[in-house]
Amino acid sequence: MASLLPSVIFPLLCLLISNLETSVVQSVGVCNGRIGGNLPTEADVVALYKSRGITRMRIYDPNRATLEALRGSNIELIVDISKGDLQSLNNAGKATEWVQNNIRAFPNVKFQYIAVGNEVHPNNVEAKFVLPAMRNIQKALSSANLQGQIKVSIAIDSTLLEGYPPAKGVFTGAANSYITPIIRFLAENGSPLLANIYPYFAYVDNQAQIQLPYALFTSPGVVVHDQVSNLDYQNLFDALLDTLYSALEKAGAPGLKIVVSESGWPSEGGAGASVENAGTYYRNLINHVKGGSPKRKRGPIETYLFAMFDENRKEGKPTEQHFGLFSPNKQPKYQLNFS
């Protein structure tokens, strides 16, 4: 019997390690927006992530103080390239320089994705610079032998989509010629599509037809039966996500992975915005993304909550300043378990 123990114990250990790794992978990330006054130092922010068990972060530019604070933290990172930098990165030399200064200079930072633009719309002047910049960043990563470690993508929002129910989801006519070549690039390079998915905004823009419980994951039963796919939807998050999956299928990329790069709910400033609703949304979202959606049942859904702190200098509607999970003094607004 003793001679059989290694053959029995080793597979069990491998299974245990695999399960531990899966539990880490399922941890949600949190976006680290910095458009606010009196925010903690970057070192304090990273310490807060670690103390709360948050293993993923998204930042919206390669802020050097943040990157320095992330050294050795083992926090997986999405780093954005801002709209204003896209044109310069159409120059291959500038792209190589960007990768050298912001990626290779930080070998002990765990970069996961580079988002080449956030919510760049087809009618934006920067739109024509996105794909060439993506290609140049990809080439620069390949030259540094980092293409297997770091994936190049883009973060889009739901305004590029149309169609109801979810099975009829397509990219809009205006977006189709812009996004289809980008999707082809992602598929060719094994990169996911990053998507900012906000049931809150869908609810606010259509309160006559969308009930609050459907947006908050609290509907007691099926709300939408998709007669095309014969799938049932009990929450708006799944419906928005599967609308995007349907659009990807029609664009020729049925196997493309989606990473939810932002999702959140404001605590004040507009319709449905309250601490109670926001806390309900975040708690239910964290629990929900451990599984899949009706169309893609195998989970988890890699998801980033928006955002770590309230940002009192953000422009736009009043709700924009109140998406934080924490106040600037690092006190939590909600009781959340991030794993």
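View 1. Strand β1 covers residues 29–31 and strand β12 residues 303–305, and the two pair in the parallel sense over two bridges. Pairing here asks for at least two DSSP bridges between two strands. Strands (E, at least two residues) and helices (H or I, at least four) are DSSP runs, numbered from the N terminus. As you step back, you will find eight strands closing into a barrel in the order β1-β2-β3-β4-β5-β8-β11-β12, with parallel pairing. From one strand to the next, the twist averages 25 degrees. Helix α10 (residues 275–288) lies across β11 (258–263) and β12, and runs at about 160 degrees to β12. Such angles go from 0 to 180 degrees between N-to-C directions, with axes fitted as lines to C-alpha atoms, for helices over the stretch in contact.

A word on reading these views: residues are numbered from 1 along each chain as its sequence is written, and side-chain values use heavy atoms, with hydrogens and water left out. Because this is a predicted model, local features need pLDDT of at least 70 and side-chain atom pairs count only at pLDDT 80 or more, while totals for chains, interfaces and linings use all residues.

**View 2. Strand β2 is covered on both faces.** Look along β2 (residues 56–59): Arg56 and Arg58 on one side are buried, and so are Met57 and Ile59 on the other. Buried means under 20% relative accessible area, exposed means over 50%, and partly exposed lies in between (1.4 Å probe, protein chains only). On the β1 side, β1 and β2 pair in the parallel sense over two bridges, and Cys31 has Arg58 as its bridge partner. Four bridges join β2 to the parallel strand β3 (residues 76–81), where Arg56 stands opposite Glu76. Right-handed means that, with the strands pointing away from the viewer, the path from the first strand over the helix to the second runs clockwise.

View 3. The side chains of Glu76 and Lys110 meet in a salt bridge at 4.0 Å, N to O. Glu76 lies in β3 and Lys110 in β4 (residues 110–118), so this pair ties together parts that are 34 residues apart in sequence. Glu76 counts as buried at 16% relative accessibility, whereas Lys110 is partly exposed at 34%. A salt bridge here is a side-chain nitrogen of Lys or Arg within 4 Å of a carboxyl oxygen of Asp or Glu, and the structure holds twelve of them. Follow the links and you reach a network made of Arg56, Glu76, Lys110, Lys257 and Glu302.

**View 4. Glu302 pairs with Lys257.** In this salt bridge the closest N and O atoms are 3.0 Å apart. Glu302 sits in the loop between α10 and β12 and Lys257 in the loop between α9 and β11, 45 residues apart. Glu302 is buried, with a relative accessible area of 8%, while Lys257 is partly exposed at 41%.

**View 5. Lys295 reaches Glu249 in helix α9.** The closest N and O atoms of this salt bridge are 3.4 Å apart. Lys295 is in the loop between α10 and β12, Glu249 is in α9 (residues 236–250), and the two are 46 residues apart. Both are partly exposed: Lys295 has a relative accessible area of 21% and Glu249 one of 31%.

View 6. Six of the seven residues of β5 (residues 151–157) are buried, so the strand is largely enclosed by the rest of the structure. β4 and β5 pair in the parallel sense over four bridges, with Ser153 as the bridge partner of Ala115. β4, helix α5 (residues 127–143) and β5 form a right-handed β-α-β unit. On the β8 side (residues 193–196), three bridges hold the parallel pairing, and Asp157 stands opposite Asn196.

Terms used. Contact = heavy atoms within 4.5 Å.
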